[in-house]
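Here's a quick tour of one chain and its contacts with a partner. Have a look at the structure first, then read on.

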Amino acid sequence: MAEAMKMRATMEGDVVDVKVLIQHAMETGLRKDAKTEKLIPAHFINQVVATLNGKTVLDAQWGGGIAKNPFLGFRIKGAKPGDKVGINAVDNLGTKFDGEVVVA
Amino acid sequence: MNPLRRAFLKNAGVVGTVAVAIATGLLKPGAAFAAAWNSLAFTAKDPAEAINNAGYGGAAESSDIMIKAPDIAENGAVVPVSATSNIPGTTSMAFFVEKNPTPMIASFEFSNGAEPYIATRVKMAKTSVVRVTVKAGGKNYTNSREVKVTIGGCGG
């Protein structure tokens, strides 16, 4: 589902600045449908791993408190142009979201 | 949460554990999440309980954790928050919105050159303290910042 994720990785000195946008509803499970008054089931990305050339650099756990269509920014020291930054994410229903970007 | 498993993961080192898991076919490369999702921390309704369950209990106040967030958020559904830890040896960071129905937002573990910096966007039900906790050198530190919310982002 590459179209669900947008990534950018740019060098700032010797640090690569990574920005990730994932399309996701991020439903907490606590919100009620305005019409039916029924709870909308929880549906949110809960685990995210970022890699640099296949090596884990960031291991994250998310709750439903991350805003809809999540944005994640992080920085990695020691990366260089041409390196690959990857994202593997999964939501509470088991749907996977993967992305990769080459450092510019 | 199984305390034995936690201890095992800590002692074995995350990299070694994951490598073994991949080798034994337990995990496919590309889906190597180091630990099970911390539901005890994420479902806690009390901020202190959430922080404790996330492993950040007894954190000392530190102004070396820099939090960037708006003073006033017009829309609580999307509040940009970023944090940088200037405490040497920072290995992890977590975000909490104390007045949310479930205060824990997210936790992040840094390794292999990742800087102790995270930018994200959080939901805020109402005006609240946004708290960031970090682990550095085996100790916990925290800093916080109030964000006023004019329209809440949780609930219908």
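## Chain B at a glance

In this predicted model, 63% of the chain B contacts with a separation of 6 or more come from residues 24 or more positions apart. As for secondary structure, chain B has four helices and nine strands, and the order along the sequence is α-α-α-α-β-β-β-β-β-β-β-β-β.

Chain B counts 156 residues, and 43% of them are buried. Its accessible surface is about 7700 Å², with 57% of that belonging to carbon and sulfur atoms.

## Zooming in on B:F110

B:F110 sits in strand 6 of chain B, which covers residues 104-110. Is B:F110 buried or exposed? With a relative accessible area of 10%, B:F110 falls under the 20% cut-off, so this residue counts as buried.

Who's around it? Leaving out residues up to four places away in sequence, B:F110 touches A:V57 and A:L58 from chain A, plus B:T90, B:T91, B:S92, B:M93, B:E115, B:P116, B:Y117 and B:I118. Take B:M93: it is 17 residues from B:F110 along the chain, and the two C-alpha atoms are 8.2 Å apart.

## The nonpolar cores

The largest nonpolar core has 54 residues, and the members touching the most others are A:W62, A:F74, A:V85 and B:F108. Beyond four places in sequence, the contacts of B:F108 include A:L58, A:D59, A:A60, A:W62 and A:L72, and on the chain B side B:T91, B:S92, B:M93, B:F95 and B:I118. Another core lies apart from the largest one; this one has ten residues, among them B:A41, B:I51, B:A54 and B:Y56.

As a bit of background, nonpolar side chains tend to be buried together in soluble globular proteins.

Notes
Residues are numbered from 1 along each chain as its sequence is written. Chains are lettered from A and ligands numbered from 1 in the order in which they are written. This is a predicted model: local features need pLDDT of at least 70, side-chain atom pairs count only at pLDDT 80 or more; totals for chains, interfaces and linings use all residues. Side-chain values use heavy atoms; hydrogens and water are left out. Helices (H or I, at least four residues) and strands (E, at least two) are DSSP runs, numbered from the N terminus. Buried means under 20% relative accessible area, exposed over 50%, partly exposed in between (1.4 Å probe, protein chains only). Contact means heavy atoms within 4.5 Å. Accessible areas come from the Shrake-Rupley method with a 1.4 Å probe; for residues, only the protein chains shown count as cover. A nonpolar core is a set of buried Ala, Val, Leu, Ile, Met, Phe, Trp, Tyr and Cys residues joined through side-chain atoms within 4.5 Å.
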